[in-house]
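Please read them with the model open beside you.

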Amino acid sequence: MPKLPENTTTPHFTYPWWGWLGLALLGVSWVLALANNDAPEGLQRYTFTPLWLGYILVINALSIKRSGSCLMLKRPKMFLLLFLVSSAFWWFFEYLNHFVHNWYYLGPPITPFARVLTASLAFSTVLPAVLSTVYWIATFKQLHHAYTGYWTFRVPYPRRLALLALITSTLSLFALGAWPDSSYPLVWVSPLIVLVSLQALTGQKTIFSVLQNGDWRPFCLPAMAGLQCGFFWELWNYGCMTPWKYNIPFVDRFHLFEMPLLGYAGYLPFGLECTLIASFLGLRVHTSPSTQ
């Protein structure tokens, strides 16, 4: 009797029910954010958090649909911890922005306590959103093929270079207060270099460690995720009744939504910074299972 051929079809996974809940939450929150009438005005300031909770549910549901796995369900305790870490993580960037004033918030005045509370809740969605997006992007088999066995890049004298980079990047952060108009890009670049340098000096692997083997996934996939999330941050900020605005020297032109087009370049290193924070927590998201 002839042997039947093995089943080589791609596994089929169902879009989970909570993904549809995320779509509904996202849609309702966006409508409220754009509403221009007195009735929901008090709610508009609070739409950012449910909007991004909806995105997080949707992007994790898309990961389930593609691979049968997602960050939210694979590491649930770590996933919840990301919300706490994320809030402190973004408050650090708010502190740096205090020196350069590249963005500012509009909306009706509220008490300092309410501002800190609502801002902290909104900031808590940043890391879960970006890292869930990295996990989803990593389900595309084509990207693993594209950025594995790629151009090799070796770092000479890594510890010496790391020490020099740490000193330089730390000092560059002080330049934000002295020369804010010319040093503002360092808000996004210098923290990344500081974190990578600390990893290298403590003997840990960094995003640059695997470049010498031609593996660019931990470098490229987070950058893509940062840019994707940046696009949606700007899209859902545009036209809402409580937006943030930008004041970026030299490049404040050719806007896509509120953000100058060149300003989107900042989301590339930001995606890397998010994955670096995850790596300090022992979380890797760029090697999730791929199905297609």
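Throughout, buried means under 20% relative accessible area, exposed means over 50%, and partly exposed covers what lies in between, with a 1.4 Å probe and protein chains only. This is a predicted model, in which local features need pLDDT of at least 70 and side-chain atom pairs count only at pLDDT 80 or more, while totals for chains, interfaces and linings use all residues. Residues are numbered from 1 along each chain as its sequence is written, and side-chain values use heavy atoms, with hydrogens and water left out.

1. Two residues deserve a look at their backbone. Most residues other than glycine have a negative phi. Histidine 101, however, has a positive phi near 55°; it lies in the loop between helix H5 (76–100) and strand S1 (103–105), where helices (H or I, at least four residues) and strands (E, at least two) are DSSP runs numbered from the N terminus. With a relative accessible area of 48%, histidine 101 is partly exposed. Phenylalanine 250 likewise has a positive phi, near 75°, and sits in the loop between strand S2 (244–246) and strand S3 (255–256); its relative accessibility of 67% makes phenylalanine 250 exposed.

2. The next point concerns a helix pair. Helix H9 (residues 158–178) packs with helix H11 (residues 186–201) at an angle of about 150°, their axes being 8 Å apart; the axes are lines fitted to C-alpha atoms, for helices over the stretch in contact, and angles run from 0 to 180 degrees between N-to-C directions. H9 is therefore roughly antiparallel to H11, given that angles under 35 degrees count as roughly parallel, over 145 as roughly antiparallel, 65 to 115 as roughly perpendicular and the rest as oblique. The contact (heavy atoms within 4.5 Å) involves residues including Leu163, Leu166 and Leu173 of H9 and Val187, Ile193 and Leu198 of H11. By class, the contact of H9 with H11 has 14 nonpolar, 5 polar and 1 charged residues, where Ala, Val, Leu, Ile, Met, Phe, Trp, Tyr, Cys and Pro count as nonpolar, Asp, Glu, Lys and Arg as charged, and the others, Gly among them, as polar.

3. A second pair is arranged as follows. Helix H7 (residues 126–137) and helix H13 (residues 267–280) pack at an angle of about 95°, with 10 Å between their axes, and are therefore roughly perpendicular to each other. Among the residues that make this contact are Val126, Leu127 and Val130 of H7, together with Phe270, Gly271 and Cys274 of H13. The contact of H7 with H13 divides into 9 nonpolar, 2 polar and no charged residues.

4. Leucine 272 also has its place in helix H13 and, at 4% relative accessibility, counts as buried. Leaving aside neighbours within four places in sequence, leucine 272 is in contact with Leu192, Ile207, Pro218, Phe219, Pro222 and Ala223. The C-alpha atoms of leucine 272 and alanine 225 are separated by 9.0 Å, although these residues are 47 residues apart along the chain.

5. Lastly, the cysteines. Taking a disulfide as a pair of cysteine sulfur atoms within 2.5 Å, the count comes to 0 disulfides. For cysteine 220, the nearest cysteine sulfur is that of cysteine 274, 16 Å away, and cysteine 220 is buried, with a relative accessible area of 15%. For cysteine 240, the nearest cysteine sulfur is that of cysteine 229, 17 Å away; cysteine 240 is buried too, with a relative accessible area of 11%.
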